[in-house]
Amino acid sequence: MTISTDPVAVTDDLRARRHQPRHDQSRPEQDGLEQDGLEQHGLERHGPERHGPEPHSPEVAVVVDIVVPVHNEETDLGPSVRRLDAYLRTEFPYSYRITVADNASTDGTWQVAADLAAELDRVCAVRLAEKGRGRALKTVWSSSPAPVLAYMDVDLSTDLRALLPLVAPLISGHSDLAIGTRLSSASRVARGPKREFISRSYNLLLKGTLAASFSDAQCGFKAIRADVAARLLPLVEDHNWFFDTELLVLAQRSGLRIHEVPVDWTDDPDSRVDIVHTARQDLAGIARLARGLFTARIPVDRLRAELAAREAVPSAVPGVPRGMFGQLIRFGAVGVLSTLAYFLIYLGLREFTGPQAANLAALLITAVANTATNRRLTFGVTGRDSLIKHHAGGLIAFGVGLALTSGSLWVLHHTVATPDRWLEIGVLLIANAVSTLVRFLALRQLMSRPGS
C-alpha cells in the first residue's frame, strides 16, 4: 500500500470542520497552556519543524497524528517507534505523524526521542516537565494540526493491523471516538488471569457506577476527531491513567458515537503500571466524576445541546427509540432500589399509621427521589431547566401509582377479611410493577421532548 499523495482531498470535509474556530469565550485554559506554541510553555520540540516540510503544509498535510506517551522508556522507545513508522509507511493509506510525548522522564528517553525525530522525517518529539499520560495526550492533541488524533502504548501490545479500522470511522465522519477493546468475544488476548480479572472488574464497576456503555476503558489504543477533542478536553480533569475513562464517559454522556474495534493484544511482562496506586486513583476518579455529573457541575447537557444539531442517527432496531434499552436497564436498577426503599418505609410506618397512610407516605417519598435519580442517571437530564415540570410529571405518575396500589389494597381488604401480610405485599408488588411501567413511559415521553 502507498501513502496517499492527496490527503487533503481525502479529508476535505473533516479538515474543514477541524479548522473551524476551536475556542469560545467560555472555554477554560488547559493547565495554563495557551494554544500559541509549545515553545512558550517550557516544552521542547523536535521533528517536522527541523526535518522537511512543515506538517501543516499542503504537500504533507497530516491526516492522523499518532501520539506515543512515554515515561522512562529508553530501552523500548527506539525499536517500537521504528517498527511503527516502518509499518505505517508501507501499510497505512493516509499521511501521518508520530509524536513521542515524553512526560518528565529521568533516564535517557528524551535523548532517544530527539534522535528519532532527527532520523525519521515523520516523527516529532515533545517534552513535558510534568509527569502524567493524560497530561501528555491533552497537551499534544490540543496543538496538533491533524483532523484525527490517536495514541498507542509504547510497548505496541496491540496488533498494528487494528489501526486502520480504528481511525477509518473517524476519517469518514461515521464516529466521533474509537477505542480498541480486549473484552470483545472477537478479541484475541494473551495475558495472565490476574490482569484479566482486574480489567473486567474495573469495566463492570464503570457500568454499575457511571452507566458506561463502552466495553474497555483502559486499552491503550484510542482515537478521536480533533473537533470533538476540542470540545471534550477542557472538561477532562485527570492527568494520569483515569484520563481515558473520563474522556469516554464525557463523550458518552454528550451523545457522541464511540466505535469499538476488537484487537489482538499481547500483555507486556515489563509493564511499569503500579496496579494498587492506579486502582486508588481510578476509584477516586469515579467518585469525582459521578459527583460532577450528579450535581451538573460538568456541563454535558450544554455539550449535548450543541451537538444535537448534527444529523440524527437512526435507531438500530426498527420501532425502538435510540437509547431505550440502556434507559430500561438504568430505570430498572433505580426502580429496584426505589421498591426496596418503598417497602422499608411502608413496613416501618404501617404499625403506626395503618396501611393506607403508610402506602401514601412511602410512595410520596420514593416518587420524589425516583424522579430526581431517573432524571439524571436514566435520561441524562441535568441542570435546573424544566426541573419543576419534570417533578410535576413525576407526581402525576405518582398519582397513578397511588391509585393502583391503594385500589389494590382496597380490593384485597374487601375481598379477604384478614389478609396475610405476605399476601398484602404480593398484591402491592404487582401493583408497583404496573406503576413502574407507567412511570417509565411517562417520564421518557416527558424528558425526551425538545426543551425538556
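In the predicted model, ring pairs join Trp141, Tyr151 and Phe243 into a cluster. Aromatic pairs number five in the structure as a whole.

A stacked aromatic pair is formed by Tyr342 and Tyr346, whose ring centres are 6.0 Å apart and whose planes make an angle of 15°. These two tyrosines are four residues apart in helix 12 (residues 324-353), and are therefore separated by about one helical turn. In general, an α-helix has 3.6 residues a turn, so residues three or four places apart point the same way. Tyr342 has a relative accessible area of 1% and is buried; Tyr346, at 0% relative accessibility, also counts as buried, because the cut-off for burial is under 20%.

A charged side chain is also placed against an aromatic ring. Arg182 lies over the face of Trp265, at a distance of 4.8 Å from the ring centre.

Helix 14 (residues 387-415) comprises 29 residues, which at 1.5 Å a residue should span 42 Å. The C-alpha atoms at its ends are 41 Å apart, in agreement with that expectation. The buried residues of helix 14 include the glycines Gly393, Gly394 and Gly401, together with His390, Ala397 and Phe398. Further along helix 14, Thr405, Ser406, Ser408, Leu409 and Leu412 are likewise buried. Among the elements that cover the buried residues of helix 14 are helix 13 (355-378) and helix 15 (421-447).

In helix 11 (residues 300-307), burial involves Val300, Leu303 and Leu307. Viewed down the helix axis, the buried residues of helix 11 fall within an arc of 60°, and they therefore line one face of the helix. The cover over these buried residues of helix 11 includes helix 8 (226-232), helix 9 (243-253) and helix 10 (275-294).

Key
Residues numbered from 1 in each chain as written. Predicted model: local features only at pLDDT ≥ 70, side-chain atom pairs only at ≥ 80, totals over all residues. Heavy atoms only, no water. Phe/Tyr/Trp six-rings, centres within 6.5 Å; stacked < 30°, edge-to-face > 60°. Buried < 20%, exposed > 50% of the residue type's maximum accessible area, 1.4 Å probe, protein only. Lys NZ or Arg CZ within 6 Å of the ring centre and 35° of its normal. Expected span 1.5 Å × (residues − 1). Contact = heavy atoms within 4.5 Å. Arc of directions from axis to C-beta.
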